Amino acid sequence: MSKELINRYVWLVDTIRRYGRISRRDLDACWRRSAFGDGRPMPRRTFYNYRMGVEQLFGLTIECDSRTYEYYIREDDSHDRSVTDWLLDSSAMSHVLTGARDVAGKIFLEEVPSSRAYLGVVIDALRENRRLRFDYQSYTRSRPASGIVFEPYLLKIFRQRWYVAGRNVAEDRIKTYALDRMTACVMTTDVFTPDASFDCESYFHDAFGIVVTGAEPREVVLRTDTRQAKYFRALPLHHSQEEMVHDEFSDFHYRLRLTDDFIAELLSYGPRIQVISPPELKARLCSEYQQALALYDSPS
């Protein structure tokens with residue numbers, strides 16, 4: 001499938017979603033004004049083919065209201081919408097960067113570990129409820145674990161890295177693995193029945209990133225100056241974030257587990273944030289800062 005055709009699908013979805021509901025006449029008017037229409041309306045056959053293509057590529061159905069003859073996109077829940085947004089943004093970004101090869105020397109991208117090798121395999125296993133077998137190099141072990149048999153339940157992207165959560169069969173417990181640390185990953189012929197008690201939506205709900213513990217979520221309050229508050233508003237630390245604005249500072253409220261990756265995130269802000277509560281989080285950060293200072297106080 002050509003990038004040009006994908007861009008047309010993206011345009012169609014984005015246009016209908018921006019309007020909410022739109023008639024064929026208005027859609028034709030938008031098409032004529034777009035870079036694809038060349039001043040002419042979209043042929044009926046083309047519109048039909050694009051509707052089918054959007055459903056196959058993005059899993060979205062473009063419906064027609066028989067009462068008003070307006071078209072709209074059926075999205076069953078907010079999670080489906082967020083996945084769709086991510087797919088659309090990724091497709092659009094890919095197109096923009098592909099067209100910028102003439103200025104590649106002036107574009108600097110962040111280097112991230114690759115997950116391309118096994119992402120498709122994991123998605124297929126999720127779709128067909130099949131077990132995976134792979135080797136895994138953990139950062140906490142000197143040698144890789146080999147022959148892990150795993151039942152995948154969900155995929156999550158965090159900090160531009162893909163993770164899969166599910167049941168480690170040998171250990172009979174839920175674990176999370178980074179795709180870029182897998183090797184020799186294959187989908188087996190063994191079909192499994194997912195644990196009915198496992199809720200994909202709630203598993204990471206109270207986690208900052210991909211670390212999940214049995215600890216209860218805590219109410220966290222962080223205080224920032226007005227400048228740092230702008231960054232948190234633009235890119236919230238967690239979906240539970242709520243802000244209380246004061247004259248010279250803001251208090252940001254969260255409900256999440258106090259995990260190591262959350263601690264590391266708070267430490268990265270240094271003096272730009274202050275932990276107001278809970279007390280144990282405040283004490284943990286003070287301890288971490290004291291240990292860091294001790295490294296510089298000791299003779300080199």
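The largest share of the lining of the second largest pocket, 6 residues, is supplied by β7. The model is a predicted one, in which local features need pLDDT of at least 70 and side-chain atom pairs count only at pLDDT 80 or more, while totals for chains, interfaces and linings use all residues. Residues are numbered from 1 along each chain as its sequence is written, and side-chain values use heavy atoms, with hydrogens and water left out.

**The second largest pocket**

The lining comprises 26 residues, and Y136, S138, K175, T176 and Y177 are those nearest the centre of this pocket. At least two lining residues come from each of β5 (145-158), β6 (161-168) and β7 (173-178). Strands (E, at least two residues) and helices (H or I, at least four) are DSSP runs, numbered from the N terminus. The volume of the second largest pocket is about 710 Å³. A pocket is an open set of points on a 1 Å grid over the protein atoms alone, where a 1.4 Å probe fits, with protein on both sides within 12 Å along at least five of seven lines; lining residues have an atom within 4 Å of a point. Grid points are joined across faces, edges and corners, and the volume is the space filled by probe spheres set on the points.

By class, 15 residues of this lining are nonpolar, 5 are polar and 6 are charged. Here Ala, Val, Leu, Ile, Met, Phe, Trp, Tyr, Cys and Pro count as nonpolar, Asp, Glu, Lys and Arg as charged, and the others, Gly among them, as polar.

**The sheet of five strands**

The strands β7-β6-β5-β4-β8 form, in that order, an open sheet of 5 strands with antiparallel pairing. Because β7 and β8 (182-191) stand at the edges with a single partner strand each, one side of each has no neighbour in the sheet. From one strand to the next, the twist averages 45°. Two strands are taken to pair if DSSP finds at least two bridges between them. The table gives pairings from this sheet.

| Strands | Pairing | Bridges |
|---|---|---|
| β4 (130-136) and β8 | antiparallel | 5 bridges |
| β5 and β6 | antiparallel | 8 bridges |
| β6 and β7 | antiparallel | 6 bridges |

L132 has M187 in β8 as its bridge partner. K156 is partnered by Y163 in β6, and G166 stands opposite K175 in β7. K175 is also among the residues nearest the centre of the second largest pocket.

In the hairpin of β6 and β7, with 4 residues between the strands, D172 takes a positive phi near 55°. Strand β6 is mostly covered, with 8 of its 8 residues buried; buried means under 20% relative accessible area, with a 1.4 Å probe and protein chains only.

**The sheet of three strands**

A further open sheet has 3 strands in the order β1-β3-β2, with antiparallel pairing. Since β1 (22-23) and β2 (61-65) are at its edges, each with a single partner strand, one side of each is left without a neighbour in the sheet. Strands β1 and β3 (residues 70-74) run antiparallel and are joined by 2 bridges. S23 stands opposite E70 in β3. Helix α3 (residues 44-58) lies across β2 and β3 and runs at about 130° to β2. Such angles run from 0 to 180 degrees between N-to-C directions, and axes are lines fitted to C-alpha atoms, for helices over the stretch in contact.

Helix α8 (residues 260-267) has D261, F262, I263, E265 and L266 as its buried residues. These residues pack against β9 (218-225), β11 (249-256), β12 (273-277) and α9 (279-297), where contact means heavy atoms within 4.5 Å.

Y269 lies in the loop between α8 and β12. Is Y269 buried or exposed? Y269 is buried, because its relative accessible area is 13%. Not counting residues up to four places away in sequence, Y269 touches Q228, F232 and L237. Y269 and Q228 are 41 residues apart along the chain, and their C-alpha atoms are separated by 9.4 Å.

**The protein as a whole**

The secondary structure comes to 9 helices and 12 strands. Of the 300 residues, 36% count as buried. Among contacts between residues at least 6 apart in sequence, 56% join residues at least 24 apart.

Terms used
Buried < 20%, exposed > 50% of the residue type's maximum accessible area, 1.4 Å probe, protein only.
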